[in-house]
Amino acid sequence: MPDAITTDRRNGPAGGGGASNRWAVLAMVAAFVICLLPYASDFIIFQPDEDHYVQGALIMMDTGDYLTPRTGDNSLRLLKPPLAYWLNVAGMEVFGISVLGIRVFWLVMAAGILLLTARLARLLTANGDVALLAAAMLAPNLLFIRLTLTVIPDAPLIFFMLLAMNGFVGLLSAPEPRRSDAWMAYGGTALAILTKGLLPLVMAVYFAAAALLFPFVRAKARRLVAPPAIVVSLAVAASWFVYQILSRPEAFYQQFVGDQVSEKVGVSAGSMLNSLAVSGASLVLPLAAWLLVLATASWASGRRPKLTAHGPAAALLAGWIVVNLLVFVPAQPIYVRYILPALPAFAVLLAAALTSLDRDVVRRHLQRLLILGIVLAGPLLAAALAITAPLMDPFTVAALAAALAVAIVVLWLAARSKSLVFPVLANALLPVGALLFVSPSITVLAMPDMARVISDELQARDLSDAGIVFLDAPREAAKAQVYEKRTAPYQLVAADEQTLAALDAERPPVIVTRDKALADRLTSLGYDNAELKGGWRDIDTDVLIEALRTGTLPQAREAHAERVYFLTRPSEN
């Protein structure tokens, strides 16, 4: 029976890996980015809160005030520090005001997270297989994919915290730390604080406390004392907070402190158990398939997974996972993304546990997982193509069908490979590859985005520079601003009686609303009303099944498409 994968920190991995696995990690990261490009290049996905970061960055470009985030209605928004806004600004400065410009650095951050996860695994085990497996477990994780495509601070937060974690683990576990470890530890913490607030400080305090309390790293605690890195990082982290406290203390306290602490703490037995359950499930369930492989491979090989060979680093990572779980126990409401900072560490430990088992047994069970994935995904992807085929041209349908057939053959060959690398890569890329495959189907069914339709209408009528009011449509206002490549925000108002009276008096040239009743009311005030249609986003399953049964999918899409009402003064037609 082949030996389990072993680690020699002086000579590298004894069970395979090395340079070939470095290239495999790089190939996986490149494929991950390519598969998600269609979603990063258009507003196929647009989550709540993204409009704040999109409009806030555009307003910074418009006003030149890069220190004080604002909302689309020019209100202060000090809930989070500004680094996420700056990344948006940087992307749009490089790629222009566009959807890709907004999201490009989120793709970069996601790629960096995968690479830093692999680096952390190598730091822990000096084993290329562990590095590849850890990154492979993270790439198809639905929470990770979501943070990649959602322009809120989660992706840069995890990137900078993971950078810091690499530094702290290097300082406290490596035989000889690198000079860069202290700068990574404290610099990463500082940038993470500038991204989202106080959680990175909790991580830094955890590693400092661990160095003093855990006997297995106490001898290396002095390595954490790095005055240049600490002083510079402290100055960077504190700069924005000092500026806002001195400039607008009341608003800062109400918004930032409220968002970080006072408005999110609810202490009751039921709420705390619920928070723990949500965070625990969010950590474990996305990795359920890999945990199944660990369990079945352990049973088949007759060995228990072990992490003891990896010394203090494994305990440090496990401790951080526990801290991340516990720190949000009082949080109300609790969100699944709160556990994101623990995901890379959990993936590294799970990968290390998996490689403590018999290598050939692990490979065979990964191959079985891949075959199961092919059996499940193949028919589902074929069905998605068949469902949307009536909305596509025949050439596109044929090309996609051929691509699916080729992908299944390639995956099947990976499932028969004698190498560990290919089934690992195939399991990691099957879910993101499936997302790439269905992107044309999603596009023809759910696109165009409503804001794109609004932008096209403005340009067709030569009204892009007119006074435009978005009535209870904040997301459309933010996205239309991007499509129009406009830094100044549109006027955004709520639909109340006072506002409607003011609109009647001011009579802006263009009003956009999603509310048909409001549109009818404005029509009665003399506005011309044009109903604009986008894609079919709110899909009723019964309606879809009936359309497929009767062969009327194009008609159903037209009937149930998203709508907005584009109201213009008669003189503006």
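User: On a 1 Å grid over the protein atoms alone, a cavity is a set of points where a 1.4 Å probe fits but cannot get out, and lining residues have an atom within 4 Å of a point. How many cavities of 30 Å³ or more are there in the whole structure?

Analyst: Two. This is a predicted model, where local features need pLDDT of at least 70 and side-chain atom pairs pLDDT 80 or more, while totals for chains, interfaces and linings use all residues. Numbering starts from 1 along each chain as its sequence is written, and side-chain values use heavy atoms, without hydrogens and water.

User: What lines the second largest cavity?

Analyst: Ile113, Leu138, Phe144, Leu147, Ile158, Leu340, Leu343 and Pro344. Its volume, the space filled by probe spheres set on the points, is about 30 Å³.

User: Which classes are in that lining?

Analyst: Eight nonpolar residues, with no polar and no charged ones. Nonpolar covers Ala, Val, Leu, Ile, Met, Phe, Trp, Tyr, Cys and Pro; Asp, Glu, Lys and Arg are charged, and the others, Gly among them, polar.

User: And the largest one, which helix gives the most to its lining?

Analyst: Helix H6 (residues 142-149), with three residues; helices are DSSP runs of H or I, at least four residues, and strands runs of E, at least two. About 70 Å³ lies in that cavity, and its lining has four nonpolar, one polar and three charged residues.

User: Switching to strand S5, are its residues buried or exposed?

Analyst: Val510 and Val512 point one way, Ile511 and Thr513 the other, and all are buried, meaning under 20% relative accessible area (1.4 Å probe, protein chains only).

Definitions and conventions. On a 1 Å grid over the protein atoms alone, a cavity is a set of points where a 1.4 Å probe fits but cannot get out, and a pocket is an open set with protein on both sides within 12 Å along at least five of seven lines; lining residues have an atom within 4 Å of a point. Buried means under 20% relative accessible area, exposed over 50%, partly exposed in between (1.4 Å probe, protein chains only).
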